[in-house]
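Ready for some practice with helices and holes? Grab a pencil and work through the exercises below one step at a time.

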Amino acid sequence: MEVTETLQRHEPAHAWRPLLTSAHEQLAPRLEAFYRDLHAHPELSMQEQQTAAKVAKWLEGSGYEVTTGVGRHGVVGMLRNGEGPTVLLRADMDGLPVEEKTGRPDASRVTVKDAQGNTVPVMHACGHDVHLTCLVGVADLLASSRNHWRGTLMMVAQPAEETLQGARAMMNDGLYARFGKPAVALAQHVGPLPVGLVGHHRGPSMMASASVRVRIHGKGGHGSQPHATVDPVVIAAYLVTRLQTIVSREVDLTRGGAVVSVGSLHAGHRANVIPDEAVLEMTVRTPTDALQDQLIEAISRMARAECDAGRAPRPPDVEVMSRTRVMVNDDPYYHRVRAAHAAWFGEDRLVDTGMVSGSEDFPYFDGRTSNDASSAEVPLVYWYFGGTSHDAWKRAPGRTLWEKLQSLPSNHSPHFDPSLDCLRFGCESMLLAALACLDEEPKAEQEPAPTAGKRLH
């Protein structure tokens with residue numbers, strides 16, 4: 001059966017469907033307005049002050065105990081509802097330095113100063129505005145149906161996911177010491193899959209990532225007298241080429257693929273001036289944490305060797321600017337969440353994404369203090385949900401799911417434009433995951449308990 005036919009199937013019956021359909025219809029206009037506001041006013045990593053304030057205001061209105069400023073701009077909302085497990089639901093808040101080209105009426109026109117003092121455009125090009133909208137929507141839905149579940153909700157709006165800073169910042173600010181350690185932490189991500197499909201993968205599901213900067217020191221001078229200089233541009237050029245041999249010559253193919261990509265190389269300002277230094281920045285992606293360590297060591301070794309060969313006056317500075325571990329889905333909770341999605345959406349609407357090359361800092365919510373996976377304290381589950389409208393999906397060239405995905409704007413593209421339909425879809429997928437990990441009350445026939453959710457009527 002083709003994907004389009006699958007999406008047009010009648011939705012399976014589910015005991016929660018009448019309750020949530022009614023509640024979501026009442027909530028939808030406010031959610032759309034909230035989403036459009038976030039989309040038009042994105043903020044860069046560690047600058048999410050206004051975004052955090054909007055999330056905090058919503059959660060407070062839904063009856064949550066809210067704390068702001070956790071890990072700089074992080075927001076934590078707590079809702080206690082009797083004896084039961086604590087479930088953490090997380091969404092990220094930051095935008096990207098990307099100029100929006102979607103042509104939407106609510107397209108971002110924001111420009112700000114980045115951490116280096118450069119004026120840059122800002123866009124929610126990765127769907128974090130969608131994630132936040134789903135988080136507050138689920139917060140409201142669960143607050144207004146407390147007769148149907150037991151436990152404690154920990155709603156987390158995290159800053160600086162794009163720079164891989166925010167999760168560790170919140171953990172270093174005592175997230176679990178201050179608010180309690182959850183039984184499980186859940187997160188999701190919108191992508192170019194069609195609305196109606198959910199992506200899961202058992203075990204390791206996202207690669208480890210690191211950003212590395214290498215600063216090469218030379219001896220500047222006149223371009224007409226290179227013999228009197230030490231040219232860092234030449235050393236950098238050799239290093240870029242040498243780095244390509246790490247994966248091709250040092251990584252065992254049976255350990256999976258890896259990536260070392262130099263994305264930035266800056267040196268000098270004039271054609272006739274040999275500069276004092278050259279700076280390279282690169283991304284490293286690996287399927288294991290141990291391989292990440294190996295590749296970073298190889299980068300350092302090659303940088304030192306090329307600087308020695310080029311007569312650099314001193315060794316290079318090698319800095320790991322940011323890094324994150326492999327995202328591993330906990331087996332028991334993974335099966336709970338996947339089963340809940342299958343029961344609600346239908347088994348044929350679930351796809352196996354395999355291990356993706358993208359990376360996240362969500363793994364730091366597992367509470368580990370080292371790269372030893374056996375020391376994880378909190379199980380994690382992470383999944384994907386579709387954001388492409390059915391009309392856009394039909395127009396996309398290709399017959400198979402993966403062929404169509406290659407032709408659609410993906411996350412980080414200036415044309416990335418999730419459909420409004422994905423807001424309800426994302427709310428449902430997160431809510432079902434939460435319910436699968438909370439204790440359900442045996443009172444499904446009762447009306448929802450009176451809460452702050454009444455303001456939706």
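A cavity is a set of points on a 1 Å grid over the protein atoms alone where a 1.4 Å probe fits but cannot get out, and its lining residues have an atom within 4 Å of a point. This is a predicted model, where local features need pLDDT of at least 70, side-chain atom pairs count only at pLDDT 80 or more, and totals for chains, interfaces and linings use all residues. Residues are numbered from 1 along each chain as its sequence is written, and side-chain values use heavy atoms, with hydrogens and water left out.

**Exercise 1.** Find which residues line the largest cavity, and sort them by class.

*Step 1.* Searching the whole structure turns up one cavity of 30 Å³ or more. The largest cavity holds about 50 Å³ of space, a volume being the space filled by probe spheres set on the grid points, which are joined across faces, edges and corners.

*Step 2.* Now list the lining: L20, T21, H24, L141, R424, C427 and E428. Two elements, α2 (17-40) and α12 (421-437), each give two or more residues to this lining. Helices here are DSSP runs (H or I, at least four residues), numbered from the N terminus.

*Step 3.* Sort by class: Ala, Val, Leu, Ile, Met, Phe, Trp, Tyr, Cys and Pro are nonpolar, Asp, Glu, Lys and Arg are charged, and the others, Gly among them, are polar.

**Exercise 2.** Work out how α3 and α4 are arranged.

*Step 1.* Helix α3 (residues 49-61) packs against helix α4 (residues 128-143) at about 15 degrees, and their axes are 10 Å apart. Axes are lines fitted to C-alpha atoms, for helices over the stretch in contact, and angles run from 0 to 180 degrees between N-to-C directions.

*Step 2.* Angles under 35 degrees count as roughly parallel, over 145 as roughly antiparallel, 65 to 115 as roughly perpendicular and the rest as oblique. So α3 and α4 are roughly parallel to each other.

*Step 3.* Look for contacts (heavy atoms within 4.5 Å). From α3, T51, V55, W58 and L59 meet L132, V136, A139 and D140 in α4. That contact has six nonpolar, one polar and one charged residues.

Key:
1 Å grid on protein atoms, 1.4 Å probe; cavity = no way out; pocket = protein on both sides within 12 Å on 5 of 7 lines; lining within 4 Å.
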